[in-house]
Amino acid sequence: MWRWMAGLALLAVAMLAAALIITRPQSSDPATLAGLVGDPVHGGMVFWAGGCASCHAAPGAEGDARLVLAGGLRLSTGFGTFVAPNISPDHVHGIGTWTVENLDTAMRHGTSPQGRHYFPAFPYTSYTHATPQDVADLHAFLMTLPASDRASEPHEIGFPFNQRLLLGGWKLLNSGTGWVVTGDLTAEETRGRYLVEGLGHCSECHTPRGVLGGRDLSRWLAGGPNPEGQGTIPNITPAHLTWTASEIAEYLNSGFTPDYDSAGGSMAAVVTNLSHLPDTDRRAIAAYLARVPPLP
């Protein structure tokens, strides 16, 4: 009897140890980043494509103030309230001491420099597609921005969602490096896929989520409840978004719809970000959206 119970206990310990190993925080391979030199000019384009200011600028900031990435935006969800941190170049309260490898590990693996899992309010499930060169360029750009000494606020999350060890299992279920839309894409459509599925992280809002908060990839970009609990996010597959490529590109530049309406809410900030990109990128986004499977 005792041997049987001891065997079960050892098996349980072994299974727990295996689970912790499998779900441990991952880091970037330094070899993939070796020799990269960041270009801050191109890094600015990566910054706007990635929408960094939308979360990390102070709430209500406009103009040049959006480049002071002091954090503070509060994202209320069914799992608790997440507060965007300071990612300015401040050496104490920001990321001024981060290396390119630190940034790449955070963006593509959701792991902090201290080796802890980040909560997926930070869209690393999309940023995992970022190329090492784009990350190096973004790092170079971020280090040119104004520093802020504002201390980051803690998230307001209750048990058990505040247990970061559990995030390893969540990542195992919800992270991946594969593209959702595949097939014989043109160069323009491939660029659009990179912007939509990767840097632009459009699916983080436009794709419905399951009970654990993971994106339902079978309903890719089909819209659904707002993750923050207010209203709905529209379907942007061809089943609902019937604008021409030129109309989509113009909307992403000016915010004006073909019906002379204008972008509002969080989409207004997205338009502000994308308006910094070249016309070719906005047209690429439109070309990619036309290739997304139409879903009602």
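Student: How do helix 11 and helix 13 lie relative to each other?

Tutor: Helix 11 and helix 13 are oblique to each other, a word used for angles that are not under 35 degrees (roughly parallel), over 145 (roughly antiparallel) or 65 to 115 (roughly perpendicular). This is a predicted model, in which local features need pLDDT of at least 70 and side-chain atom pairs count only at pLDDT 80 or more, while totals for chains, interfaces and linings use all residues. Residues are numbered from 1 along each chain as its sequence is written, and side-chain values use heavy atoms, with hydrogens and water left out.

Student: Which values describe the packing of helix 11 and helix 13?

Tutor: Two packed helices are described by the angle between their axes and the distance between the axes. Here helix 11 (residues 245-254) and helix 13 (residues 279-291) pack at about 130°, with axes 8 Å apart; the axes are lines fitted to C-alpha atoms over the stretch in contact, and angles run from 0 to 180 degrees between N-to-C directions. Helices are DSSP runs of H or I with at least four residues, strands are runs of E with at least two, and both are numbered from the N terminus.

Student: Which residues make the contact of helix 11 with helix 13?

Tutor: Helix 11 contributes A245, I248, A249, L252 and N253, and helix 13 contributes R282, R283, I285, A286 and L289, where contact means heavy atoms within 4.5 Å.

Student: What is the angle between helix 3 and helix 7?

Tutor: Helix 3 and helix 7 pack at about 100°, with axes 7 Å apart, and they are therefore roughly perpendicular to each other. Their contact is made by P40, H42, G43, G44, V46 and F47 of helix 3 and by D134, D137, L138, A140, F141 and L142 of helix 7.

Student: Which residues of helix 3 are buried, and what follows the helix?

Tutor: In helix 3 (residues 40-50), the buried residues are G43, G44, V46, F47, W48, A49 and G50. These buried residues pack against several helices, among them helix 4 (52-56) and helix 9 (187-199). After helix 3 comes G51, with a positive phi near 65°.

How values were computed: Buried means under 20% relative accessible area, exposed over 50%, partly exposed in between (1.4 Å probe, protein chains only).
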